[in-house]
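Here is a short briefing to read alongside your viewer. Please have the sequence and the model open while you go through it.

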Amino acid sequence: MSSDSNVSIRVENLGKCYQIYPRPASRLKQAVANRIHGVLGRSAPRYFSEFWALRDIGFEVPKGEPFGVIGRNGSGKSTLLQLITGVLIPTQGTVETRGRIAALLELGSGFNPEFSGRENVYLNGMLLGLSRAEIDAKFDGIAAFADIGEHLERPIKTYSSGMLVRLAFAVQVQIDPDILIIDEALAVGDALFQKRCFARINRLADDGVTILFVSHDQETVRTVTRRSLLLHEGRAIAMGTSSETLRAYRRLINQEESKYFASLAEREIVVEGIDPSTEGNNIKLPESVMPSDEPQLVPETLGLDVSAAAMMDAPGAGTTRDGAGIDDTSFGSGHALVQRVSTTDESGEPCAVFYPGERIRVRIDFKALVDLKNLNVSLRIRSREGLKIYSWGTLNQDMQVAAGLQDAPVFWERAFAKGEESCALFDFVCPLGPGFYEIQAAVSHEGQPDYSEQTILHWKDEAAFFQVFMDQKTYHFGGSFDLRMSASW
Ligand SMILES: Nc1ncnc2c1ncn2[C@@H]1O[C@H](COP(=O)(O)OP(=O)(O)OP(=O)(O)O)[C@@H](O)[C@H]1O
């Protein structure tokens, strides 16, 4: 690797292309053609098509940084990791790494199923370049971390997937890697083991180990990593802080959901559970809510500015954002529209700045585009880092009423006529610590009054924003949430 000693992984113009043969015999035909045309000094005809699993990827990860790779199935994540670990040879570009790489790629890869756990620890350790004496010295630490008791002496073909991942993770983290690569594998362990793994990953990062973490799970990527790369169809379409990249990922998913719903509507398929006696069946989405065919997420999404200042300056930001129309921040079947989401103070005055203990009111205005009933109007509150702080909906209240815990009119049973505009009001006393918060709003159809049969009619990200400040003199607590503690002797 070049002189910059702070860079742990450098990937430049990286690509992997596979040759796809229509039939197994085509591969043989190609080999023969290559040979014959080679002898004749000509280029051979092609009996394959090219498929680029990964193309034009470039990034650097500084030493000690936890870096995330996120993307949908088949987006190229495993291919990228395999190129970095040297399991695959790139078709184009280069990968440079500094130091010893430990990788948790495929579950149990590098293990021999016939050998015991103990024997596999030695086998694996040697594959990773350790001497027998070095493994002897580390063995107790590995066994303690894996914590699988007497199973350590049994053949690993008898292990559950959870035990396998415990042993694999224990070996990888105890060999003092410079780079640790983890591909989703942690999802297999139980909650306690996962907690232990995350604590260990944090400690390794603090000790200067570079972590490359790959997952579909947004919350885990957010917890583990600082910066991330978003892959889509083999290309890098966003890179930045993990909260920026995950925002881009959510937009990508929203667009794909919208396309899916649009294709359902085009095929005139009924949204299950909507009253068959109304013209709400076989609806076509109105023009205004038809998502565009072309994905909007292009490399320009790089460097999304989600800073509080940028959000507050954004057109429509502040107390209110108009939700009309489906864009790249929303998705849904289009049977209803979130029109407007606003925050007000106790007296109903528009307000986007609150102090802990003050009353916050959120109003979600929506419109039924067909005759509808069994609706749920809901919201999510996310922190500036994108963590879900809270989600709640009218259906939650209906469930409490049904359980006899609350006494209020049941919203779920209410019918809305086509074209009817209505609103749901949410009211709470602010328990939040200082910060910048996003509200996501949704109208969904609930086939059952228990969230078991949900169809999203319109989901709107970034529907509104608000800020919480703290006045140190009058009301103060530390952290992100007021637990309303009391003290006594
Ligand atoms: N040996 C191969 N030959 C042809 N295509 C391949 C090969 N290996 C992978 N691919 C294709 O390359 C693309 C990227 O695959 P990859 O496994 O890297 O995706 P991924 O993001 O890791 O997916 P997942 O989240 O499902 O594990 C996919 O379309 C896959 O079908």
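In which hand does α4 pass α5 in their crossing? The crossing of α4 with α5 is right-handed, where a crossing is left-handed if the near helix is turned anticlockwise from the far one by less than a right angle, and right-handed if clockwise. Please keep in mind that this is a predicted model: local features need pLDDT of at least 70 and side-chain atom pairs count only at pLDDT 80 or more, while totals for chains, interfaces and linings use all residues. Residues are numbered from 1 along each chain as its sequence is written. Helices (H or I, at least four residues) and strands (E, at least two) are DSSP runs, numbered from the N terminus.

**Helix pairs**

- Two packed helices are described by the angle between their axes and the distance between the axes.
- The axes of α4 and α5 (residues 161-174) come within 8 Å and cross at roughly 140°; axes here are lines fitted to C-alpha atoms, for helices over the stretch in contact, and angles run from 0 to 180 degrees between N-to-C directions.
- α4 and α5 are therefore oblique to each other (angles under 35 degrees count as roughly parallel, over 145 as roughly antiparallel, 65 to 115 as roughly perpendicular and the rest as oblique).
- On the α4 side, Lys138, Gly141, Ile142, Phe145 and Ala146 meet Arg166, Leu167, Ala170, Val171, Val173 and Gln174 of α5, with contact meaning that C-beta atoms, placed from the backbone, lie within 7 Å.
- By class, this contact of α4 with α5 has seven nonpolar, two polar and two charged residues; Ala, Val, Leu, Ile, Met, Phe, Trp, Tyr, Cys and Pro count as nonpolar, Asp, Glu, Lys and Arg as charged, and the others, Gly among them, as polar.
- For α3 (residues 117-127) and α4 (residues 132-146), the axes come within 10 Å and cross at roughly 125°, so these two helices are oblique to each other.
- The crossing of α3 and α4 is right-handed.
- Val121, Tyr122 and Gly125 of α3 meet Arg132, Ile135, Phe139 and Ile142 of α4, a contact that divides into five nonpolar residues, one polar and one charged.

**The three-stranded sheet**

- Three strands form an open, antiparallel sheet in the order β2-β1-β4; two strands pair if DSSP finds at least two bridges between them.
- β2 and β4 (92-97) stand at the edges with a single partner strand each, so one side of each is left without a neighbour in the sheet.
- Neighbouring strands of this sheet are turned by 20° against each other on average, direction ignored.
- β1 (residues 7-20) and β4 pair in the antiparallel sense over five bridges, and Gly15 stands opposite Gln92 in β4.

**The six-stranded sheet**

- A mixed, open sheet of six strands runs in the order β5-β6-β7-β3-β8-β9.
- Its edges are β5 (101-104) and β9 (235-241), each with a single partner strand, so one side of each is left without a neighbour in the sheet.
- β3 (residues 66-71) and β7 (residues 210-215) pair in the parallel sense over five bridges, and Pro66 stands opposite Ile211 in β7.
- α2 packs on the sheet, touching β3, β5, β6 (179-183), β7 and β8 (227-232), and its direction makes about 155° with that of β6.
- α5 also packs on the sheet, touching β5 and β6, and its direction makes about 165° with that of β5.

**Around the ligand**

- The residues surrounding the ligand include Tyr18, Phe51, Lys77 and Thr79, where a residue is near a molecule if its C-beta atom, placed from the backbone, lies within 6 Å of it.
- β2 (49-62) and α2 (77-85) each supply at least two residues of this shell, and the largest share, three residues, comes from α2.
- The shell divides into three nonpolar, seven polar and one charged residue.

Key:
Two residues are in contact if their C-beta atoms, placed from the backbone, lie within 7 Å.
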